[in-house]
Amino acid sequence: RQNHLMQVIHHAEAKKQAGGSAANSVVAVSQFGGKSFYCFRVANDELGHFYLQDLIDSGVDIALTSAQLETGVTGKCLVMVTEDSERTMNTFLGVSSFMEPSDVDVSVVASGKVLYMEGYLFDRDDAKAAFRKAARAAHDAGRQVSLSLSDSFCGDRHRDDFRALVADEVDILFGNEDELLSLYQLDTFEAAVAAVRRDSSLAVITRGPRGASIITREEIINVPAEDVPQVLDTTGAGD
């Protein structure tokens, strides 16, 4: 489907950019002067090499080299932005969806202050096992574990496993309001806040034009959205 869409819109103005929620976050850490490591999978194709080099140029530590890239297709997301500045995304995860426990370097996890896990990959049983392995390694080393809910459909498809992971392993939860409501199958933000307080010691939830809410068991800090005269593109806003 993605290939068809790309053929249809190939005349439109387009640009190629490395991204992904977890990648954007670790690149931001690096740009702010921190030290970050990224565990990922890309294929031995044009986009795979482009992605690898972009991470290196961004100062992110990685374990892969170009000689280790595997056969298959690198995952990509086709983002279409309409005149109202909203974006529609068509995503094909490619080889990144085959994350498994052997991809997790427990020594690297143990050396980091915070483990950040991306919910988009929480699909296959091997990936779920990799998440659990990484979280256990972090907690065994006295580190914190964070998780991005990524998209409402992740909660819809894996709600029981997601909620168990959040309750058992997650110290810091990231997501938007719709994802939080989907996770707990609730209708109001207030009810979802009460639910997440029982599971995580810290949650950061974006709410679009209503800004963001930082939720702890003791308090809620509401951060208003910046007043922008003209929004150009909401891609990556949650990251």
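Which residue in β6 does Glu118 stand opposite? Ser148 is the one. Here are my notes on the surroundings.

1. Some ground rules. This is a predicted model: local features need pLDDT of at least 70, side-chain atom pairs count only at pLDDT 80 or more, and totals for chains, interfaces and linings use all residues. Numbering starts from 1 along each chain as its sequence is written, and side-chain values use heavy atoms, with hydrogens and water left out.

2. The sheet. Six strands make an open sheet with mixed pairing, in the order β5-β6-β7-β8-β9-β10. Strands are DSSP runs of E, at least two residues long, and helices are runs of H or I with at least four, numbered from the N terminus. Two strands pair if DSSP finds at least two bridges between them. On average, neighbouring strands are turned by 15 degrees against each other, direction ignored.

3. β5 next to β6. Strand β6 (residues 144–148) pairs with β5 in the parallel sense, over five bridges. Helix α5 lies across both strands, running at about 165 degrees to β5. Angles here run from 0 to 180 degrees between N-to-C directions, with axes fitted to C-alpha atoms (for helices, over the stretch in contact). Helix α7 packs on the sheet too, touching β5, β6 and β7 (172–176), and its direction makes about 155 degrees with that of β6. Contact means heavy atoms within 4.5 Å.

4. α5 against α7. The axes of α5 (residues 125–140) and α7 (residues 159–169) come within 11 Å and cross at roughly 5 degrees. Among the residues making the contact are Phe131 and Arg132 of α5 and Leu165 and Asp168 of α7. By class, the contact has four nonpolar, one polar and six charged residues. Nonpolar covers Ala, Val, Leu, Ile, Met, Phe, Trp, Tyr, Cys and Pro; charged covers Asp, Glu, Lys and Arg; the others, Gly among them, are polar.

5. α7 against α8. How do the axes of α7 and α8 (residues 177–184) cross? They cross at roughly 100 degrees and come within 9 Å, which means α7 is roughly perpendicular to α8. Arg159, Phe162, Arg163 and Val166 of α7 meet Ser182, Leu183 and Tyr184 of α8. That contact divides into four nonpolar, one polar and two charged residues.

Notes: Angles under 35 degrees count as roughly parallel, over 145 as roughly antiparallel, 65 to 115 as roughly perpendicular and the rest as oblique.
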